[in-house]
Amino acid sequence: MFGALTGLFSADMAIDLGTANTLVYVKGKGIVLNEPSVVAYHIKDGKKQVLAVGEDAKLMLGRTPGSIQAIRPMREGVIADFDVAEEMIKHFIRKVHKGGSWAKPKIIVCVPHGATPVEKRAIRESVISAGARKAGLIAEPIAAAIGAGMPITDPTGNMVVDIGGGTTEVAVLSLADIVYARSVRVGGDRMDEAIISYLRRQHNLLVGDATAERIKTSIGSARMPDDGRGASMDIRGRDLLNGVPKETEVTQAQVAEAVAEPVQQICEAVMTALESTPPDLAADIVDRGVMLTGGGALLGDLDLALREQTGLAISIADETLNCVALGTGKALEYEQQLAHVIDFGN
């Protein structure tokens, strides 16, 4: 009876610690939390005091007074601010546990394939400090492929392209492990930055990250619309010439022009992966095509842009935003079968 109760409270978790969003999967329950990876804090007596985490903190981004800072502790898939990241992980674990914090869960976290040993250690230490009894790491491309339902345990080549907020992971998998993988530091954030700098150059208009993200999700496109203009939307920002707020119209064609460079970098990463793939596995990829996962895969016509560049069939995963979290969760559920891809650092 007591063992069953402890099991209830120490629900083992899988965490997709993303640059833009953090998702938590609880064993036997599925994804129970999906919140922005944002923390708002103010400094009191030289110490950071956390005021808000997740959704509440995201609303403060770009709108805080001088005494309060709202930041993303994750940069390009790895921890940029150790203390704040630890507080964020603690907050999410407490939120999932709802008071059962006396029992420590086992936690598996996904990390970018290109993460250095130092970056991996920082993530593991943060998770342990946040209250885990054991912290395992799994490579993001493997988690994405499992979450997308790809048959990665078969002796055939599977290619997955996971476009997150900070990084794009391109990997070829066979027999449940990575044959080739490349992590490029291009993702949704880089697209937002490209939109901001385009509007600054072309319209003398300064907009914030939230506006850029809204433009990208509303009318973002990886290729030029057929009519040379496409859909449009009105946006507001600050006029750089006279310093007053103004409203202007942005078209789909302008957004496609703005994000052309990050989209091209993603295409080049896919082409490089194909060139580096052993011929027999490359033949499998021609048959099966390429699977896109991650929030960046939702950019309009990105699959068509990749298809034009590679000549391969490109498909987008069903639950593209949740693939990595679902895959990390499955690694937790089937830990014995996937033990060789989970690194507990022992």
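User: Is Arg 223 buried, exposed or partly exposed?
Analyst: This is a predicted model, where local features need pLDDT of at least 70, side-chain atom pairs count only at pLDDT 80 or more, and totals for chains, interfaces and linings use all residues. Residues are numbered from 1 along each chain as its sequence is written, and side-chain values use heavy atoms, with hydrogens and water left out. Buried means under 20% relative accessible area, exposed over 50%, and partly exposed in between (1.4 Å probe, protein chains only). Arg 223 has a relative accessible area of 24%, so the residue is partly exposed.

User: Which residue forms a salt bridge with Arg 223?
Analyst: A salt bridge is a side-chain nitrogen of Lys or Arg within 4 Å of a carboxyl oxygen of Asp or Glu. Here the closest N and O atoms are 2.7 Å apart, and the partner of Arg 223 is Glu 308.

User: How many residues apart in sequence are the parts that Glu 308 and Arg 223 tie together?
Analyst: Helices (H or I, at least four residues) and strands (E, at least two) are DSSP runs, numbered from the N terminus. Glu 308 sits in helix α11 (residues 302–310), while Arg 223 sits in the loop between α7 (209–219) and β15 (232–239), so the separation is 85 residues.

User: Where do Lys 90 and Glu 87 lie?
Analyst: Their side chains meet in a salt bridge (3.9 Å, N to O). The two are three residues apart, about one turn of the helix, and both lie in helix α3 (residues 82–97).

User: Is Asp 12 buried or exposed?
Analyst: Asp 12 pairs with Arg 133 in a salt bridge (3.5 Å, N to O). With a relative accessible area of 12%, Asp 12 is buried.
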